[in-house]
Amino acid sequence: MKNKFLRIISLCLCAMLATAAFAACQSQSSDTAAPAQPAAPAADAPAADVPQSAGDAMTLNVMTLWARDNSENIPTALRARIAQFQEENPHVTVVEEGIGDQTAYYTRLTTLAAGNDLPDVFVSRGSELSMFAQAGVVAPLDDILNSRPAWRDGFVDGAFGDLTSNGSIYAIPYSMLSTHVIYYNSSLLSEAGFDSFPQTWPEFMDMIAKLNANGVTPIALGNREQWVANSCVLSTLGDRFTGSDWFRSIISGDGAQWTDPEFVSALAALQEMSNAGAFNSDMNSIDNDQQKTLFYNGSAAMFMEGSWAIGAVVDDAPADILAATKVAVLPAVNGGKGNPRSMSGGSGSGLAVGIGALQDDAKMAVIAEFLEFVLGEGYSMEIAAKGEPTAFSVTGYDKSNVSELAALYAEMASSLAFSPIYDSFLNPAVNGVINEGLQELLINVITPQDLAERIQAESNRN
Amino acid sequence: MQPNNAASIKPRKAVLAALLLPGVAIYVFITIIPLFTAFGYSLTNWAIGPNRDFIGFDNYVRLMGDSVFWQAFRNNLVIVAGNLIVQMGIAFLLTVLFMSRAMRGKEFHRTVIFLPVVLSAVVVGFIWQMVYSNNFGMLNAVLRSLNMDSLIRLWLDDPKQVIYSVTLPLIWQYLGVPLMIFMSAVQGISKEVYEVCEIDGATGVKKAIYITFPLIYSSMKVAVMLSISSNMLVFSHILVLTGGGPGTSSMVLALYSYSTSFTRMQLGYGSAIAIGVFILSFGLVLIFKKLAEVGQSE
């Protein structure tokens with residue numbers, strides 16, 4: 001009896017194993033074959049759209065940085081364009097994978113790059129792109145742009161600056177953004193005695209003290225994912241002290257050092273802010289969504305994030321907070337070499353193309369069409385109408401739907417210059433050291449000088 | 001069960017090998033081979049893409065002097081120690097409790113204690129993030145309502161505190177594992193032993209120390225070994241709770257290897273870290289095994 005039972009069990013187990021192994025092989029082979037012969041349509045594409053003639057049918061894998069329910073203007077507009085492209089080109093199946101967490105997204109991207117298996121089209125920052133370009137895993141897009149001169153020339157000056165490596169363009173920008181905007185609650189500021197945003201550093205620090213005295217967190221900071229303090233605060237604060245030429249010299253490696261006194265003073269200023277109680281005490285364990293929450297519920301007077309947060313504030317902030325929300329940038333610092341009328345920004349990121357597509361002319365043609373359609377005039381009109389700064393210049397769009405906050409931002413941005421976004425240019429290893437170090441700097445575990453030396457040491461290694 | 005019956009279900013060697021083959025093949029493919037390829041990668045300066053150059057043992061030289069690596073190792077040791085002392089201790093106490101006749105609702109308690117074990121580590125990480133949250137966290141709310149405000153800490157932001165804060169969820173989640181192992185071992189102790197010692201006048205504590213503990217000692221060794229090996233590789237909890245921060249104060253070995261490889265794109269050095277982790281964990285298990293043998297022979 002027992003004998004028989006054992007036999008049946010082992011038979012079942014064997015059968016299960018065999019099926020599992022078979023299924024694994026099966027799915028693997030269909031995965032790798034998918035781009036070449038899209039016999040099986042992707043789950044979210046209607047089957048009717050795939051034509052019978054398999055000749056020009058293809059799948060376009062697109063990877064983006066936005067969660068499905070992201071309500072910001074750019075992802076919404078971009079997704080609408082992708083859907084329209086899909087509708088007009090039924091023989092192409094566009095499969096979009098959206099990963100909402102920025103750190104997780106870039107981890108996935110670099111893992112794919114390490115295996116030379118990048119998707120056909122994907123969002124990437126300049127810093128990753130230049131690594132990818134060096135390793136030869138992304139396709140240069142100069143040919144695509146040059147064969148479409150009208151489109152190419154429509155982009156604003158400097159739109160490709162962050163996305164160029166060794167003279168070749170590797171991505172098409174989807175907006176001009178700033179990574180540093182101070183969103184402030186003007187009613188909390190006037191309660192502290194400031195009717196306009198301070199224009200000098202001592203005034204700014206005075207405001208922080210007064211806000212604290214009023215029991216308000218001056219600046220909500222959510223730096224758990226580590227990029228916020230770097231991208232949204234230090235990029236601009238550093239530039240105030242060092243000037244953009246210093247950073248360009250760091251990137252090109254001709255002379256400037258991280259240990260230069262200007263940069264160390266920038267780090268010191270950040271630490272001084274933190275010591276003065278400028279930030280919430282749990283800044284390293286909440287993320288940038290939670291920093292907005294502190295602002296929305298009125299317990300924080302400011303938060304610093306990029307221009308991309310405008311849409312989220314307009315959508316999510318309670319009406320009274322939204323009405324009081326205004327925008328500013330950090331004031332000038334004493335003895336700073338940088339232009340105080342600037343904010344870190346640029347195109348920053350864009351849509352890039354994996355090198356795999358370059359093997360296949362038909363696919364490259366579809367990708368070129370896709371990029372022009374998705375990131376062309378129609379898309380730019382749409383985001384411009386929502387008040388987003390565009391990388392492709394458009395005029396005559398409908399201004400009636402621009403939110404008040406977006407208009408405020410546009411007005412401010414028109415009088416400001418862009419300075420480099422640190423994490424768009426730096427090597428990921430150096431970025432990692434800065435990110436980690438800033439968390440320690442903000443809680444006084446490391447001195448500005450030691451952090452500068454640590455960054456320089458990592459920089460020397462690369 | 002008669003011996004001849006047992007012999008008849010013992011299959012032929014070829015059948016045995018065929019049955020083992022899939023399991024062994026999977027093990028070799030996902031554990032042994034990657035170990036060797038990782039060692040190969042660790043001798044290169046592989047950053048990304050297809051290019052990599054052989055650089056000998058440079059990565060290992062760097063590893064020896066890498067303070068973050070050793071800090072991560074210390075953190076792992078804190079987690080292992082916390083689990084061995086607190087988790088095993090509680091599990092043993094609970095086992096003794098479960099044996100006593102006074103205990104009611106044993107089934108219920110056992111289920112509740114075991115429940116977190118089957119939760120995903122990511123879910124547990126998020127739950128505890130909410131528990132620890134400074135403004136809205138359950139822990140601080142409870143402390144406030146008990147008028148113990150002085151005990152409120154920045155659970156995940158204080159670099160001196162954070163490693164203990166991330167150890168607690170691990171202790172809580174996996175408490176059920178040693179408990180199950182101890183319980184099944186205790187059930188193997190025959191009733192007569194206890195009856196005899198009760199006649200001799202042994203009370204609860206003495207029973208636990210002189211009867212239960214020595215008789216489940218070998219099962220405890222298994223539980224300890226499992227605990228060491230899983231806690232040396234702990235990853236998801238920390239990634240979700242703190243991401244290794246603030247700075248590197250809650251960094252653990254597996255997370256360091258991962259972030260070096262995939263966030264900082266230093267795949268060669270990341271592989272060297274992974275090999276380092278392997279050597280350290282393996283060494284720790286070996287040392288423990290030696291210690292346990294000495295303890296037993298006494």
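Modeller: Two residues are in contact, or touch, if their C-beta atoms, placed from the backbone, lie within 7 Å. This is a predicted model, in which local features need pLDDT of at least 70 and side-chain atom pairs count only at pLDDT 80 or more, while totals for chains, interfaces and linings use all residues. Residues are numbered from 1 along each chain as its sequence is written, and chains are lettered from A and ligands numbered from 1 in the order in which they are written.

Ile383(A) belongs to helix 16 of chain A, residues 377–385; helices (H or I, at least four residues) and strands (E, at least two) are DSSP runs, numbered from the N terminus. Ile383(A) is buried because 24 other C-beta atoms lie within 10 Å, where buried means 20 or more such atoms within that distance, exposed 12 or fewer, and partly exposed in between. Although Tyr174(A) is 209 residues away along the chain, its C-alpha atom is separated from that of Ile383(A) by 9.6 Å.

Looking next at a sheet in chain A, we find 5 strands in the order 2-1-3-13-6, forming an open sheet with mixed pairing; two strands pair if DSSP finds at least two bridges between them. Strand 2 (92–98) and strand 6 (171–173) of chain A have a single partner strand each, so they stand at the edges with one side left without a neighbour in the sheet. On average, and ignoring direction, neighbouring strands of this sheet are turned by 30 degrees against each other; axes are lines fitted to C-alpha atoms, for helices over the stretch in contact, and angles run from 0 to 180 degrees between N-to-C directions. Strand 1 (residues 58–64) and strand 2 of chain A run parallel and are joined by 7 bridges, and Met63(A) has Glu97(A), in strand 2 of chain A, as its bridge partner. Helix 4 of chain A packs on the sheet, where it touches strand 3 (121–125), strand 6 and strand 13 (349–353) of chain A, and its direction makes about 115 degrees with that of strand 3 of chain A.

Finally, 31 residues of chain A are in contact with 26 residues of chain B. Helix 1 (2–33), helix 3 (102–114), helix 4 (126–135) and helix 19 (428–442) of chain A each supply at least two residues of the side of chain A that touches chain B, and the largest share of that side, 7 residues, comes from helix 19 of chain A.
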